[in-house]
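Okay, thanks everyone, I'll keep this short. Let me put the structure up and then we'll talk about the interface.

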2 protein chains.
Amino acid sequence: MSFDHLQDQIRSLKNPTVAGLDTRVEYMPSFLLKKYTSRYGETLEAAAQAVLEFDCGLIDALTGVVPAVKPQAAYFECLGWRGMQVMEQVMGYAKEKGMFVIADIKRGDIGTTAAAYSEGWLGMTRVGSTDCPVFNADCVTLNGYMGSDAVKPFLRDCITQNKSAFVLAKTSNPSSVELQDMVAGDRLVYTAMGDLIQRWGADTIGKYGYTSLGAVIGATHPSVLKELRRRLDKTFFLVPGYGAQGGTAADVSCAFDELGRGAIVNASRSILCAWQKTGKDGRDYQEAARAAAEKMRDEILEYVTIM
Amino acid sequence: MSFDHLQDQIRSLKNPTVAGLDTRVEYMPSFLLKKYTSRYGETLEAAAQAVLEFDCGLIDALTGVVPAVKPQAAYFECLGWRGMQVMEQVMGYAKEKGMFVIADIKRGDIGTTAAAYSEGWLGMTRVGSTDCPVFNADCVTLNGYMGSDAVKPFLRDCITQNKSAFVLAKTSNPSSVELQDMVAGDRLVYTAMGDLIQRWGADTIGKYGYTSLGAVIGATHPSVLKELRRRLDKTFFLVPGYGAQGGTAADVSCAFDELGRGAIVNASRSILCAWQKTGKDGRDYQEAARAAAEKMRDEILEYVTIM
């Protein structure tokens, strides 16, 4: 089961973090964008090519430090099909480098539509009698508002293709309270969603005791992390919101089990934009990102011992 | 405000329906796929080119009959970047033909990420000092599980770009009950989501009395449609689930106000796959789709008079 593979890589690098590739055009050093706008004009093609160079440069710099990357689809989609082409290339490059790739797509749709999304992101799309790999991620993020119909097609591909998925439970943003914190019987909506996630994944427990269907729980709610870690004892957690959004190392330590397993913490901007704090023009973006990733790892390892 | 534009087109064609372009490879006549696999092999490129021809053929056949099309992103994404390129082309073609284009993407993410999605699908992406249009839909579908953070960036583009969006409230699929029908205080979760949608859109009321932020309410729940039509009196409805999923003309009539306005009903498979029922080899897919769309329109107009 595929979180086994991720947990193996976390243990081998002694680093339970994932670098989010949220490459907004403005997050890149301007010399890099200019390199391509001078060739292609101020076009989506120029931006996409700059993102390709920047993200692959980040992956080079982070190889051997972080076990996983999480490209965020929005920042590729906003560059149109050229952005999606670059997303395929970036994901392929990260896999070549041995990284675990979580496609942050937060898709949620039903029946044959969910199956099509799953074929595109985890499985393969059949054309005639040929199965064609498409984005081929190791793992995706999903939105379960529509219920199990939206998740089960992905779960099938998780089992047959040895992959995994995270479903949103309690997200890190301020307005997550509006729906997720409503009282529903003896639970809150996010607890109910967490219970569904653990139940849907129940038949897919791997060697570390976790299913193939994880949950997204924001770092900005440490008491929620603690409560859900106890309650969802077979559910692997993806924890966004570290750093820029306010989550601390002490906060996220609540997401791990007593063996320091069962969770991975994401940081995006603090790694991508680390070059903005060195007072240079961004030509040091790789070293700055690597140093920021090492710092985050070390901060978390003060609170978490990975067995 | 943009549902005004859609409502104008519905009134002018006397047809409150939208054709969903859910073009799964198997839904196309085999002669069409073969035309391209013989040129490109059994590849994503072949499938994407076949989808382009099929969808544009459908748009030609439906022009003058249906006011809107709703391309479903999953069926383009599962063909990779070539699929996304075709999605851009199909959307552009439908707009050239005067159709209102609803991109069925069900995206939901927060802050700068939601802003990036919105730039890509409704607004424009800035590269240097140039604003570049990307997918440029008239309208999108969204998932509001993360709360207003996930919706407000789109709402901004709705206002500045004269566009609109539908947020999922009560979906048409069987497992929608698992989360959406939980009791939350004196409401159900989907009612609470509906209330949020109407509140978020409150400042964007157009000439027909509806905001720019609509709600998705499945045709498979006529009593819910009736209840929410009363409760959400300023919220435009997108009603999926007609036909193949079981919703009837009498069912969907509950979605309209007393002037026959405020809703649009979607059908996908019954139009796309109409050619499978004529006993020919699919070369009549255009006529079959047009006849199915006209039949659906006529069935609904038996229950709804559009003023």
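Predicted model: local features only at pLDDT ≥ 70, side-chain atom pairs only at ≥ 80, totals over all residues.

So, chain A and chain B bury about 5,800 Å² between them, and 57% of that is on carbon and sulfur atoms. On the chain A side, the residues that lose the most area to chain B are A:Glu42, A:Trp81 and A:Tyr145; together those three make up 14% of what that side buries. As for who takes part, the contact draws 75 residues from chain A and 75 residues from chain B.

The predictor gives the complex an ipTM of 0.97 and a pTM of 0.98. For chain A, the mean pLDDT is 96, with 100% of its residues at 70 or more.

How many salt bridges cross the interface of chain A and chain B? The rule finds 6. One to click on is A:Glu119 with B:Arg24, where the closest N and O atoms sit 3.2 Å apart. Between chain A and chain B there are also 41 residue pairs in polar contact, counting pairs with both residues at pLDDT 80 or more.

And which element gives the most to the side of chain A that touches chain B? That's helix 6 of chain A, residues 111-121, which puts in 7 residues. If you sort that whole side of chain A by class, you get 37 nonpolar, 24 polar and 14 charged residues.

That's what I have on the interface.

Key. Residues numbered from 1 in each chain as written. Chains lettered and ligands numbered in written order. Heavy atoms only, no water. Contact = heavy atoms within 4.5 Å. Buried area = accessible area lost by both parts, 1.4 Å probe. Salt bridge = Lys/Arg side-chain N within 4 Å of Asp/Glu carboxyl O. Polar contact = N/O pair within 3.5 Å; in protein donor to acceptor, adjacent residues only side chain to side chain. Helix = DSSP H or I, 4+ residues; strand = E, 2+ residues; numbered from the N terminus. Nonpolar A, V, L, I, M, F, W, Y, C, P; charged D, E, K, R; others polar. pLDDT = per-residue confidence, 0-100.
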